[in-house]
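Hi everyone, thanks for coming. Have a look at the sequence and the structure on the screen, and then I'll walk you through a few parts.

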2 protein chains.
Amino acid sequence: MDHFADRLAAACRRKGNALCAGFDPRWESLPAEIRRRQAGGSPEAVAAAFAEFCCRALDVVAPLVPLIKPQMAFFEQCGPAGFAALEQLIRKARDLGLFTLLDGKRNDIASTAAAYAAAAFGVWGADALTVNPYLGRDAVEPFLQAARKAGGGVFVLVRTSNPGAGLFQDLRCDGRPLYRHVAEAAAGWSRENVGECGLGDVGAVVGATYPAELAELRQAMPEVPFLVPGFGAQGAGAAETAPAFRPDGTGAVVNSSRGLLFPFRPDEPNWEAAIEKATRAAIASLAAATPMGRLAASPPA
Amino acid sequence: MDHFADRLAAACRRKGNALCAGFDPRWESLPAEIRRRQAGGSPEAVAAAFAEFCCRALDVVAPLVPLIKPQMAFFEQCGPAGFAALEQLIRKARDLGLFTLLDGKRNDIASTAAAYAAAAFGVWGADALTVNPYLGRDAVEPFLQAARKAGGGVFVLVRTSNPGAGLFQDLRCDGRPLYRHVAEAAAGWSRENVGECGLGDVGAVVGATYPAELAELRQAMPEVPFLVPGFGAQGAGAAETAPAFRPDGTGAVVNSSRGLLFPFRPDEPNWEAAIEKATRAAIASLAAATPMGRLAASPPA
């Protein structure tokens, strides 16, 4: 089984980019035609609408991007039916040859963390997942073990993209902000299992909304793959993601959720064309403003 | 609608104790009779076994304890069917008049956190939930808003009970450990909405495995209700939970999961009697060693 980071780098090279399409389905933003078919607003109806929208959007983005990031919260909001929709989305993404990075920010101790990890890799069939580090090494460990057994990866929250991220993450601990301590721990875990591309299987979530920290962290943890949220609707431009990449264009994936999946008004009939246009535009802007363009030996047709 | 903390205190007074029964169903620990009926080990079969076990265990503990804490990870591990089992457990707990504290340690930014909160209070119907504070105030805020709208509560992870909790939580930031900063933030949020009992609707998770920190935090945050894990199978004795309580026996709920739900070998036919015996023993030991005994105006029959 190939190393997680090598598989991800190869997928990015095949598509010629490192754009991650975030699947955050929101009822109020769905195309009106889909909402009409699922009137009533029961959790099951919303889940059915999410499944239809996500699968159709996936058909649009699958030829263009190397990976998707489903946000578990929106599926959880629909109860059991929502998780069935999530299962369907991930299965289809795998069938289409896409990486799936499950964004659940799960965290717990010992055997409980192991249950979450078993869910992510075993039940949902994800390639990677996001985890929250607050509980420490022994709480992250079961996720690492499950990831390594599955040839997958783990992305640890280091510096999140929200406006209030600094409340705890910026606290100075022994002369450095807390997020640097978390980053160093993640780098240590990642060095335990490095692929041929020089990147490990433990990544860091570092928001594009904090470009200075992004540059500092890229330098401090050269072997750590980055997942960069905050690009697009959250406010960061393509240039602000540039420090996340290594000079050859590997080392980072940049996520956009609302900007790619909801670039249309609900009454827009050609919403799939709008998604394709937004996705191509995001790839072009990232390629122009970051080293990501160097991945494009064979850009998408 | 009564304040969350007043409702919880009243529930504890009615049962004469503050023991929380943790529902962490584990396939390998289930009674053999239940596993036999659900042979095959598919996620659906495991979920059906969890539902049967949890509902029968709930019938045993419901007359004895004021609240239960389902651990979402074990249900998530069974996919959509697992969440249906969780839904069934929570509905039954509500019908039996029990508080339900949903342990998911969810965390995310803005509208994503709002989706998790909507799931917890709206779909699952919990009275309270656990949240991870690493992302800061604006990430905790949507949970608070949803809790306040539902008359519910939020328990913020402050000092967790796992052996490696200190890796980040103990880092000294501006002269105090990180967990103290989190505790102060939680106390500030809790003071925004205090009930007649003098306790707020934002609680703190503080492990009984760190009794010195428990005493220090009880003193530092007198208006914050505590959820105390770590009692029982995780190693802390009843006396170590004593500092969590206020002198009148309110102010804390003490959780035990494996110790209450799995005090039997899988081939034990009278496993329900074993659960009842373990629950009564846990209540008696807490009543003897902590101020919790002062709640027992009307102990369980």
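One term before we start: I'll say two residues are in contact if their C-beta atoms, placed from the backbone, lie within 7 Å. Keep in mind that this is a predicted model, where local features need pLDDT of at least 70, side-chain atom pairs count only at pLDDT 80 or more, and totals for chains, interfaces and linings use all residues. Residues are numbered from 1 along each chain as its sequence is written, while chains are lettered from A and ligands numbered from 1 in the order in which they are written.

So, how many residues does each chain bring to the contact? Chain A gives 49 residues and chain B gives 49 residues. On chain A, the elements giving two or more residues to the side that touches chain B include α5 (79–95), α6, α7 and α9. Helices here are DSSP runs of H or I with at least four residues, strands are runs of E with at least two, and both are numbered from the N terminus. The largest share of that side of chain A, seven residues, comes from α6(A). By type, the side of chain A that touches chain B has 27 nonpolar, 13 polar and nine charged residues. Nonpolar means Ala, Val, Leu, Ile, Met, Phe, Trp, Tyr, Cys and Pro, charged means Asp, Glu, Lys and Arg, and the others, Gly among them, are polar.

Let's stay with α6. In chain A, helix α6 (residues 110–123) and helix α7 (residues 137–150) have axes that come within 8 Å and cross at roughly 30°. That makes α6(A) roughly parallel to α7(A), a label used for angles under 35 degrees. Axes are lines fitted to C-alpha atoms, for helices over the stretch in contact, and angles run from 0 to 180 degrees between N-to-C directions. Among the residues making this contact are A110(A) and F121(A) of α6(A), with P142(A) and F143(A) of α7(A). The contact counts 12 nonpolar residues, no polar and one charged.

Last stop, α10 (residues 211–220) of chain A. Which residues are buried there? They're P211(A), E213(A), L214(A), L217(A) and R218(A); buried means 20 or more other C-beta atoms within 10 Å of a residue's own, exposed means 12 or fewer, with C-beta atoms placed from the backbone. These residues cover an arc of only 150° around the axis, which puts them on the same side of α10(A). The arc is that of the directions from the helix axis to the C-beta atoms. On the face turned away from the buried side sit the exposed A212(A) and Q219(A).

Conventions
Parallel < 35°, antiparallel > 145°, perpendicular 65-115°, else oblique.
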